[in-house]
Amino acid sequence: MVFTVLAFIITNTGTGHVVPGARYVTNSSHGVSKLCIVSENDTKKYRNIALILNNTEKWTHLRSCLVKSDDCNNLSKRYKTLKQYKLAELTPMESGCCRPPAECGYPALNASYFDLSYHPVSTNIDCKLYKNARSVRCYDCDSCKAGVAQYMKAEWRVVAIFNVILFVILSFVYFVGCCARRNAGGSDAKGRGR
(Lines give C-alpha, C1' and ligand atoms only; values in the text may rest on other atoms or scores of the structure.)
Protein backbone atom coordinates (compact mmCIF):
# COMPACT_ATOMS: atom_id res chain seq x y z
CA MET A 1 0.00 0.00 0.00
CA VAL A 2 2.90 2.37 0.76
CA PHE A 3 4.33 1.79 -2.73
CA THR A 4 0.91 2.36 -4.29
CA VAL A 5 0.38 5.63 -2.42
CA LEU A 6 3.89 6.81 -3.38
CA ALA A 7 3.32 5.81 -7.00
CA PHE A 8 0.11 7.84 -7.11
CA ILE A 9 1.85 10.85 -5.56
CA ILE A 10 4.76 10.65 -8.02
CA THR A 11 2.55 10.17 -11.07
CA ASN A 12 -0.03 12.78 -10.13
CA THR A 13 1.27 15.66 -12.27
CA GLY A 14 2.65 15.85 -15.80
CA THR A 15 6.06 17.13 -16.92
CA GLY A 16 5.20 18.37 -20.37
CA HIS A 17 3.35 21.27 -21.92
CA VAL A 18 1.25 21.41 -25.05
CA VAL A 19 2.81 23.16 -28.03
CA PRO A 20 0.34 25.61 -29.63
CA GLY A 21 -0.67 24.49 -33.12
CA ALA A 22 0.81 21.00 -32.68
CA ARG A 23 -0.62 17.71 -31.49
CA TYR A 24 2.28 16.67 -29.30
CA VAL A 25 3.62 17.55 -25.90
CA THR A 26 7.04 19.10 -25.53
CA ASN A 27 8.87 18.14 -22.40
CA SER A 28 10.79 20.61 -20.33
CA SER A 29 14.43 20.62 -21.34
CA HIS A 30 16.11 23.04 -19.00
CA GLY A 31 18.21 20.52 -17.08
CA VAL A 32 17.17 17.24 -15.54
CA SER A 33 16.97 18.77 -12.08
CA LYS A 34 14.18 20.98 -13.43
CA LEU A 35 12.79 18.67 -16.11
CA CYS A 36 10.76 16.58 -13.69
CA ILE A 37 9.77 19.44 -11.44
CA VAL A 38 6.55 21.26 -12.15
CA SER A 39 6.63 23.46 -9.05
CA GLU A 40 8.75 23.90 -5.95
CA ASN A 41 6.43 21.58 -4.01
CA ASP A 42 7.04 18.77 -6.51
CA THR A 43 10.83 18.71 -5.96
CA LYS A 44 10.75 15.76 -3.56
CA LYS A 45 8.30 13.80 -5.74
CA TYR A 46 10.54 13.68 -8.80
CA ARG A 47 13.98 13.63 -7.22
CA ASN A 48 14.40 9.85 -7.64
CA ILE A 49 13.45 9.87 -11.34
CA ALA A 50 15.80 12.79 -11.99
CA LEU A 51 18.65 11.06 -10.14
CA ILE A 52 18.17 7.86 -12.14
CA LEU A 53 18.18 9.74 -15.44
CA ASN A 54 21.12 11.93 -14.41
CA ASN A 55 23.20 8.83 -13.66
CA THR A 56 25.38 8.62 -16.77
CA GLU A 57 25.75 4.84 -16.65
CA LYS A 58 22.00 4.29 -16.36
CA TRP A 59 21.23 6.85 -19.06
CA THR A 60 23.80 5.22 -21.38
CA HIS A 61 21.99 1.90 -20.97
CA LEU A 62 18.55 3.49 -21.48
CA ARG A 63 19.87 5.43 -24.48
CA SER A 64 21.17 2.26 -26.14
CA CYS A 65 17.74 0.65 -25.66
CA LEU A 66 16.06 3.67 -27.25
CA VAL A 67 18.39 3.54 -30.26
CA LYS A 68 17.80 -0.21 -30.70
CA SER A 69 14.03 0.14 -30.34
CA ASP A 70 13.75 1.91 -33.70
CA ASP A 71 10.75 3.93 -32.49
CA CYS A 72 12.16 7.10 -34.04
CA ASN A 73 13.03 5.43 -37.33
CA ASN A 74 9.54 3.96 -37.61
CA LEU A 75 7.94 7.41 -37.52
CA SER A 76 8.66 7.94 -41.21
CA LYS A 77 7.05 4.54 -41.95
CA ARG A 78 3.93 5.37 -39.89
CA TYR A 79 3.52 8.90 -41.23
CA LYS A 80 4.12 8.91 -44.98
CA THR A 81 3.43 12.61 -45.50
CA LEU A 82 4.49 15.70 -43.60
CA LYS A 83 0.82 16.59 -43.03
CA GLN A 84 0.17 13.21 -41.37
CA TYR A 85 3.21 13.72 -39.15
CA LYS A 86 2.14 17.23 -38.08
CA LEU A 87 -1.33 15.93 -37.16
CA ALA A 88 0.03 12.89 -35.31
CA GLU A 89 -0.25 12.59 -31.55
CA LEU A 90 3.29 11.71 -30.53
CA THR A 91 4.12 10.05 -27.25
CA PRO A 92 6.32 11.97 -24.81
CA MET A 93 9.29 9.78 -25.77
CA GLU A 94 8.70 10.33 -29.50
CA SER A 95 8.40 14.08 -29.10
CA GLY A 96 11.39 14.26 -26.74
CA CYS A 97 13.80 11.81 -28.36
CA CYS A 98 12.89 11.67 -32.06
CA ARG A 99 12.66 15.35 -32.89
CA PRO A 100 14.32 18.58 -31.79
CA PRO A 101 12.32 20.63 -29.30
CA ALA A 102 9.67 22.76 -31.03
CA GLU A 103 11.24 25.92 -29.61
CA CYS A 104 14.31 25.35 -31.84
CA GLY A 105 12.29 26.24 -34.93
CA TYR A 106 13.83 23.63 -37.25
CA PRO A 107 11.39 22.87 -40.08
CA ALA A 108 10.45 19.22 -40.54
CA LEU A 109 11.12 17.82 -44.01
CA ASN A 110 9.46 14.52 -43.07
CA ALA A 111 8.74 12.53 -39.90
CA SER A 112 12.39 11.73 -39.23
CA TYR A 113 14.39 14.48 -40.91
CA PHE A 114 14.67 18.16 -39.99
CA ASP A 115 16.40 21.02 -41.83
CA LEU A 116 19.24 21.87 -39.45
CA SER A 117 20.67 24.59 -41.69
CA TYR A 118 18.44 27.11 -39.91
CA HIS A 119 19.92 28.92 -36.93
CA PRO A 120 18.01 27.76 -33.83
CA VAL A 121 15.50 30.29 -32.55
CA SER A 122 16.07 29.18 -28.95
CA THR A 123 19.20 29.10 -26.79
CA ASN A 124 18.15 25.67 -25.54
CA ILE A 125 21.18 23.33 -25.56
CA ASP A 126 19.00 20.53 -26.98
CA CYS A 127 18.81 22.47 -30.27
CA LYS A 128 22.55 21.93 -30.77
CA LEU A 129 22.50 18.32 -29.57
CA TYR A 130 19.90 17.15 -32.11
CA LYS A 131 21.23 15.46 -35.25
CA ASN A 132 19.33 13.66 -38.03
CA ALA A 133 21.57 10.57 -37.69
CA ARG A 134 19.66 7.46 -36.59
CA SER A 135 21.99 6.77 -33.65
CA VAL A 136 22.08 10.39 -32.43
CA ARG A 137 18.64 12.07 -32.90
CA CYS A 138 17.92 13.81 -29.59
CA TYR A 139 18.86 10.83 -27.40
CA ASP A 140 21.32 12.93 -25.38
CA CYS A 141 18.84 15.79 -24.95
CA ASP A 142 17.22 16.68 -21.66
CA SER A 143 13.90 16.64 -23.51
CA CYS A 144 14.46 12.93 -24.23
CA LYS A 145 15.16 12.29 -20.57
CA ALA A 146 11.95 14.15 -19.75
CA GLY A 147 10.04 11.95 -22.23
CA VAL A 148 11.46 8.81 -20.64
CA ALA A 149 10.54 10.14 -17.19
CA GLN A 150 7.00 10.77 -18.44
CA TYR A 151 6.85 7.19 -19.79
CA MET A 152 8.13 5.81 -16.49
CA LYS A 153 5.49 7.77 -14.61
CA ALA A 154 2.77 6.36 -16.87
CA GLU A 155 4.01 2.82 -16.24
CA TRP A 156 4.10 3.43 -12.49
CA ARG A 157 0.53 4.69 -12.68
CA VAL A 158 -0.59 1.41 -14.30
CA VAL A 159 1.21 -0.60 -11.60
CA ALA A 160 -0.35 1.54 -8.87
CA ILE A 161 -3.87 1.03 -10.29
CA PHE A 162 -3.23 -2.73 -10.53
CA ASN A 163 -2.08 -2.73 -6.88
CA VAL A 164 -5.26 -0.94 -5.76
CA ILE A 165 -7.45 -3.43 -7.63
CA LEU A 166 -5.46 -6.35 -6.18
CA PHE A 167 -5.75 -4.88 -2.67
CA VAL A 168 -9.54 -4.55 -3.02
CA ILE A 169 -9.87 -8.15 -4.27
CA LEU A 170 -7.65 -9.54 -1.50
CA SER A 171 -9.53 -7.52 1.13
CA PHE A 172 -12.84 -8.91 -0.17
CA VAL A 173 -11.51 -12.50 -0.13
CA TYR A 174 -10.14 -11.97 3.40
CA PHE A 175 -13.49 -10.53 4.56
CA VAL A 176 -15.45 -13.46 3.05
CA GLY A 177 -12.97 -15.94 4.58
CA CYS A 178 -13.31 -14.36 8.03
CA CYS A 179 -17.11 -14.41 7.79
CA ALA A 180 -17.08 -18.05 6.67
CA ARG A 181 -14.73 -19.02 9.51
CA ARG A 182 -16.86 -17.19 12.08
CA ASN A 183 -20.02 -18.87 10.78
CA ALA A 184 -18.33 -22.28 10.69
CA GLY A 185 -17.02 -21.78 14.24
CA GLY A 186 -20.49 -20.78 15.51
CA SER A 187 -22.23 -23.78 13.91
CA ASP A 188 -19.62 -26.20 15.37
CA ALA A 189 -20.26 -24.84 18.88
CA LYS A 190 -24.04 -25.28 18.42
CA GLY A 191 -23.54 -28.86 17.16
CA ARG A 192 -21.40 -29.81 20.18
CA GLY A 193 -23.90 -28.33 22.63
CA ARG A 194 -26.61 -30.76 21.47
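1. Let's start with S95, which sits in helix α7. Helices here are DSSP runs of H or I with at least four residues, strands are runs of E with at least two, and both are numbered from the N terminus. The side chain of S95 reaches back to the backbone oxygen of P92, at 3.2 Å. That falls under the polar contact rule: a pair of N or O atoms within 3.5 Å, where within protein one must be able to donate a hydrogen and the other to accept it, and residues adjacent in sequence count only if both atoms are side-chain atoms. Is S95 buried or exposed? S95 counts as buried because its relative accessibility is 5%. The cut-offs are under 20% relative accessible area for buried, over 50% for exposed, and partly exposed in between, with a 1.4 Å probe and protein chains only.

2. Before going further, a word on what you're looking at. This is a predicted model, so local features need pLDDT of at least 70 and side-chain atom pairs count only at pLDDT 80 or more, while totals for chains, interfaces and linings use all residues. Residues are numbered from 1 along each chain as its sequence is written, and side-chain values use heavy atoms, with hydrogens and water left out.

3. Now the overall layout. The protein chain has nine helices and four strands. Going along the sequence, they come in the order α-β-β-α-α-α-α-α-α-β-β-α-α.

4. How much of the chain is tucked away? Of its 194 residues, 35% count as buried. The chain exposes about 12000 Å², and carbon and sulfur atoms supply 61% of that area. Accessible areas come from the Shrake-Rupley method with a 1.4 Å probe, and for residues only the protein chains shown count as cover. As for contacts (heavy atoms within 4.5 Å), take those between residues at least 6 apart in sequence: 61% of them join residues at least 24 apart.

5. On to the disulfides, of which the structure holds four. A disulfide here is a pair of cysteine sulfur atoms within 2.5 Å. If you count the bonded cysteines along the chain, the pairing reads 1-3, 2-8, 4-5, 6-7.

6. Look at C72 and C98 next. Their sulfur atoms are 1.9 Å apart, forming a disulfide. This pair ties together distant parts of the chain, 26 residues apart: C72 is in the loop between α4 (56–69) and α5 (75–78), and C98 is in the loop between α7 (92–97) and β3 (108–110). Why is this disulfide called left-handed? Because the torsion about the S-S bond of C72 and C98 is about -80 degrees. C72 counts as buried at 4% relative accessibility, and C98 counts as buried at 3%.

7. C104 and C127 are also joined by a disulfide, with 1.9 Å from S to S. C104 lies in the loop between α7 and β3, while C127 belongs to helix α8, so this link also connects distant parts of the chain, 23 residues apart. The torsion about the S-S bond is about -95 degrees, so the link is left-handed. Both C104 and C127 are buried.

8. C138 and C141 make another disulfide, again with sulfur atoms 1.9 Å apart. The link is left-handed, with -90 degrees about the S-S bond, and both C138 and C141 are buried.

9. What about C178? Its closest cysteine sulfur is in C179, 7.0 Å away, which is too far for a bond. C178 counts as partly exposed, at 28% relative accessibility. C65 is partly exposed as well, with a relative accessible area of 39%.

10. Finally, the aromatic pairs: there are two. Rings of Phe, Tyr and Trp (its six-membered ring) pair if their centres lie within 6.5 Å; planes under 30 degrees apart are stacked, over 60 edge-to-face, and the rest tilted. Y79 and Y85 form a tilted pair, 6.3 Å centre to centre with 55 degrees between the planes. Y79 is buried at 16% relative accessibility, and Y85 is buried at 5%.

11. Which way do the rings of F114 and Y130 meet? Their planes are at 85 degrees and their centres 5.7 Å apart, so the pair is edge-to-face. F114 is in strand β4 (residues 113–114) and Y130 in the loop between α8 (126–129) and α9 (142–193), 16 residues apart. F114 is buried, with a relative accessible area of 1%, and Y130 counts as buried at 1%.
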